[in-house]
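Here is a short briefing for a reader who is new to this structure. Look at the chain first, then work through the topics below.

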Amino acid sequence: MHVLITTPFHPAYVTAERIKKAKNLELLLTAGIGSDHIDLPAAAAAGLTVAEVTGSNTVSVAEDELMRILILLRNFLPGYQQVVKGEWNVAGIAHRAYDLEGKTVGTVGAGRIGRLLLQRLKPFNCNLLYHDRLQINPELEKEIGAKFEEDLDAMLPKCDVIVINTPLTEKTRGMFNKEKIAKMKKGVIIVNNARGAIMDTQAVADACSSGHIAGYGGDVWFPQPAPKDHPWRYMPNHAMTPHISGTTIDAQLRYAAGVKDMLDRYFKGEDFPAENYIVKEGELASQYK
């Protein structure tokens with residue numbers, strides 16, 4: 001093949017070995033956002049172009065993050081399970097249910113999705129914090145009412161809710177290990193729709209079991225698909241699903257149109273929108289360096 005179109009982690013990881021076998025390959029297109037299922041240094045070394053449909057599912061993922069925050073804070077899932085089982089025990093739900101108003105919510109990463117989440121949280125009257133390599137435009141920061149935290153370790157203990165919105169890179173792989181989790185408040189809620197490998201799998205499961213993490217939700221795992229014995233399937237107080245947050249019908253229409261647009265440009269010998277490039281002429285996009 002000359003062009004390979006994948007969605008993140010599906011149907012397979014695009015490894016260095018697979019790239020080596022694909023002698024005619026020129027272009028790798030990700031139908032969606034996040035191309036870390038591709039061995040990007042190997043793609044760069046092979047002279048391949050890697051591109052994705054930047055912005056195509058940002059709204060979908062941000063909405064999903066907000067939903068999971070509320071599901072976990074309000075202790076929704078045990079209530080649903082009571083109904084299914086024919087039970088009725090209000091006290092059994094209420095003792096772990098909280099309002100979102102007045103809570104401190106921090107996002108680790110304030111790119112497109114992180115900013116959309118902060119904007120959607122503003123009406124809930126939360127205390128909003130964010131950590132990122134770059135500070136948001138001051139006008140937008142003021143409009144959202146979010147405070148920049150340069151030091152991640154200083155931000156973590158302030159937060160009742162932490163949302164992971166950073167790409168998976170060699171710097172962020174395994175970032176949230178036992179030591180990082182220990183810096184968080186006891187009873188913290190964590191939502192991660194970014195990448196499963198940013199977390200230390202066993203450290204998260206252990207902290208959920210001990211109660212240090214009061215609830216963990218997301219749609220990303222490592223590896224994907226998650227094996228049947230993955231510890232996150234069985235840890236208490238989780239709101240995990242398969243990788244669905246960015247795959248609404250609306251998002252699918254956007255990234256299908258984006259892939260078609262890039263294919264049209266490829267056949268005509270035209271450049272893609274600059275923000276879509278992940279690997280171009282041997283160079284990785286800044287977020288993956």
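Is aspartate 206 buried, partly exposed or exposed? At 44% relative accessibility, aspartate 206 counts as partly exposed. The model is predicted. The points below cover record annotations, salt bridges, a sheet, a helix, single residues and a surface patch.

**Annotated domains**

- UniProt, in an unreviewed entry, lists residues 67-245 as "domain: D-isomer specific 2-hydroxyacid dehydrogenase NAD-binding".
- Residues 9-271 are 38% helix and 15% strand. Here the end C-alpha atoms are 26 Å apart.

**Salt bridges**

- The whole structure holds ten salt bridges. Side chains of opposite charge can pair when their charged atoms come close.
- Arginine 68 and aspartate 64 form one of them, at 2.4 Å from N to O.
- Why can these two side chains meet within one helix? Arginine 68 and aspartate 64 are four residues apart in helix H3 (residues 58-73), so about one helical turn separates them. An α-helix has 3.6 residues a turn, so residues three or four places apart point the same way.
- Both partners count as buried: arginine 68 has 2% relative accessibility, and aspartate 64 has 10%.
- Aspartate 160 and lysine 185 form another salt bridge, with the closest N and O atoms 2.8 Å apart.
- Aspartate 160 sits in the loop between helix H8 (152-155) and strand E7 (161-164). Lysine 185 sits in the loop between helix H9 (178-182) and strand E8 (188-192). The pair therefore ties together parts that are 25 residues apart in sequence.
- Lysine 185 counts as partly exposed, at 31% relative accessibility.
- Lysine 280 pairs with aspartate 271 in a salt bridge, and their closest N and O atoms are 3.9 Å apart. Lysine 280 is partly exposed, with a relative accessible area of 29%.
- Lys147, Glu149 and Lys158 belong to one network, joined by salt bridges that share partners.

**An open sheet**

- Five strands make up an open sheet, in the order E1-E2-E3-E11-E12. The pairing in this sheet is mixed.
- Strand E1 (3-6) and strand E12 (283-284) are the edge strands, and each pairs on one side only.
- Strand E3 (residues 49-52) and strand E11 (residues 277-280) run antiparallel, joined by two bridges.
- Valine 50 has valine 279 in E11 as its bridge partner.
- Strands of a sheet pair through backbone hydrogen bonds, either parallel or antiparallel.

**Helix H6 and its cover**

- Which residues of helix H6 (residues 112-121) are buried? They include Ile113, Gly114, Leu116, Leu117, Leu118 and Leu121.
- The cover over the buried residues of H6 includes H3, strand E4 (104-108) and strand E5 (127-131). Helix H7 (138-144), strand E6 (146-148) and E7 are also among the elements that cover them.

- Tyrosine 216 lies in strand E9 (residues 213-218). Tyrosine 216 is buried, with a relative accessible area of 0%.
- Contacts of tyrosine 216 beyond four places in sequence include Leu72, Ile190, Trp232, Met235 and His238.
- Tyrosine 216 and threonine 247 are 31 residues apart in sequence, and their C-alpha atoms are 21 Å apart.
- Threonine 166 is in the loop between E7 and H9. Threonine 166 is buried, at 17% relative accessible area.
- Neighbours within four places in sequence aside, threonine 166 is in contact with Val108, Thr172, Ala194 and Ile198.
- Aspartate 206, the residue of the opening question, belongs to helix H10 (residues 201-210).
- Aspartate 206 and valine 259 are 53 residues apart along the chain, with 40 Å between their C-alpha atoms.

**A surface patch**

- Phe76, Tyr80 and Val84 form a nonpolar patch on the surface. Together they have about 340 Å² of accessible area.
- Tyrosine 80, one of the patch residues, lies in helix H4 (residues 76-85).

Terms used
Residues numbered from 1 in each chain as written. Predicted model: local features only at pLDDT ≥ 70, side-chain atom pairs only at ≥ 80, totals over all residues. Heavy atoms only, no water. Patch = residues over 30% accessible without salt bridge, like charges linked within 9 Å, V, L, I, M, F, W, Y side chains within 5 Å. Areas by Shrake-Rupley, 256 points an atom, 1.4 Å probe, with all protein chains shown as cover. Salt bridge = Lys/Arg side-chain N within 4 Å of Asp/Glu carboxyl O. Buried < 20%, exposed > 50% of the residue type's maximum accessible area, 1.4 Å probe, protein only. UniProt positions renumbered as here; feature names shortened; annotations may be inferred. Contact = heavy atoms within 4.5 Å. Pairing = 2+ DSSP bridges.
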